[in-house]
Amino acid sequence: MTAKQWIKSPKGYVIIAMAAYLIIASIGSQDMMGIINGILAVSTSLAVDIICCLIEKRKRIRPDGAVITGLIISLILSTNTSWLIVGAAAVIAILSKHFIVHRKKPIFNPAAFGLLVSILLFHTGQSWWGAFGDLPSWTVAFLLIGGYAVTNRVKKYPQVFTFFGTFFLLLFLMGYWDAADASDALRPPFINAALFFGFFMLTDPPTSPAKVKDQMIFGILAAAAGVVDYGLFGGLMYLFIGLLIGNLYQWLRARLSLNVSKKGHSRIEKANKLSI
């Protein structure tokens, strides 16, 4: 793949957007720790990914997925997070990519899995600073521009629209009934986190469906599960939990399809033997 082809690839789009957000948010917040964490998270992700690929004896090592995972982790974790925890979150994310798999594809979104586990183990602070939650409201335009480019490239419009539609409708209904401080979820940094999440994490091709119908179910399920979790527990874990539940649905659907296909082949083979 040439440099021009890579830039136009879905992963190329995401990496360029993430790197731009890292720089813009660091300049806007006047805090360079985010860039330092970004370098650390990406370096750790790359190292672990390459080691795992060598152990698995893969013919091709494509580290761009690890770069995306590291960038997302660094853009979500607070810039005050210890470098040990940043590295640990990256390690957990990449290990899940290689060991929690179905037909050589990760079941869970690596970044979401690593971040959720880091919350549970290390009680990490997740400020979503790279989604411009602490910057002027007009900076949301950067999320919309980058999000449109990525969504268009990976052809995930049904998934993104159903996610946002379900997500905001449920929050509106909760707010109308004055339940669980739902109005807070429509303010920075929550709204910024939701936009970043929907455009750049929900749309991950290896862990989300390709068919339109499945995309819509996936988006609705991730949104509904996330809002329910927010209503019950609050915090910022609800987006990750919604996505991982969507990932579980995708895995179960793929596994069921595989079993049905195997049974179909088995019946055909038996019929052929009988005819012989």
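1. A crossing of two helices is called right-handed if the near helix is turned clockwise from the far one by less than a right angle. In this predicted model, helix 8 and helix 9 cross in the right-handed sense.

2. The pair consists of helix 8, residues 157–176, and helix 9, residues 190–200; their axes lie 10 Å apart and the packing angle is about 155 degrees. Angles over 145 degrees count as roughly antiparallel, and helix 8 and helix 9 are therefore roughly antiparallel to each other.

3. On the helix 8 side, the contact is made by Val160, Phe163, Phe164, Phe167 and Phe168. Helix 9 contributes Ile191, Ala194, Leu195, Phe197, Gly198 and Phe199. By class, the residues of this contact are 10 nonpolar, one polar and no charged.

4. The largest nonpolar core comprises 68 residues, and Met18, Trp128, Phe196 and Met201 have the most contacts inside it. Helix 9 gives the most to this core, with eight residues.

5. Leaving aside residues up to four places away in sequence, Met18 touches Leu71, Ile72, Leu75, Phe196 and Phe200.

6. Ile72 sits in helix 4, which spans residues 64–76. Is Ile72 buried or exposed? The cut-off for buried is under 20% relative accessible area; Ile72 has 4% and is therefore buried. With the same exclusion of residues up to four places away in sequence, Ile72 touches Met18, Ala111, Phe196, Phe200 and Met201.

7. Ile72 can also be placed relative to Ala90: the two are 18 residues apart in sequence, and their C-alpha atoms are 9.7 Å apart in space.

Conventions
Residues numbered from 1 in each chain as written. Predicted model: local features only at pLDDT ≥ 70, side-chain atom pairs only at ≥ 80, totals over all residues. Heavy atoms only, no water. Axes fitted to C-alpha atoms, helices over the stretch in contact; angles between N-to-C directions. Helix = DSSP H or I, 4+ residues; strand = E, 2+ residues; numbered from the N terminus. Parallel < 35°, antiparallel > 145°, perpendicular 65-115°, else oblique. Contact = heavy atoms within 4.5 Å. Nonpolar A, V, L, I, M, F, W, Y, C, P; charged D, E, K, R; others polar. Core = buried A, V, L, I, M, F, W, Y, C linked by side-chain atoms within 4.5 Å. Buried < 20%, exposed > 50% of the residue type's maximum accessible area, 1.4 Å probe, protein only.
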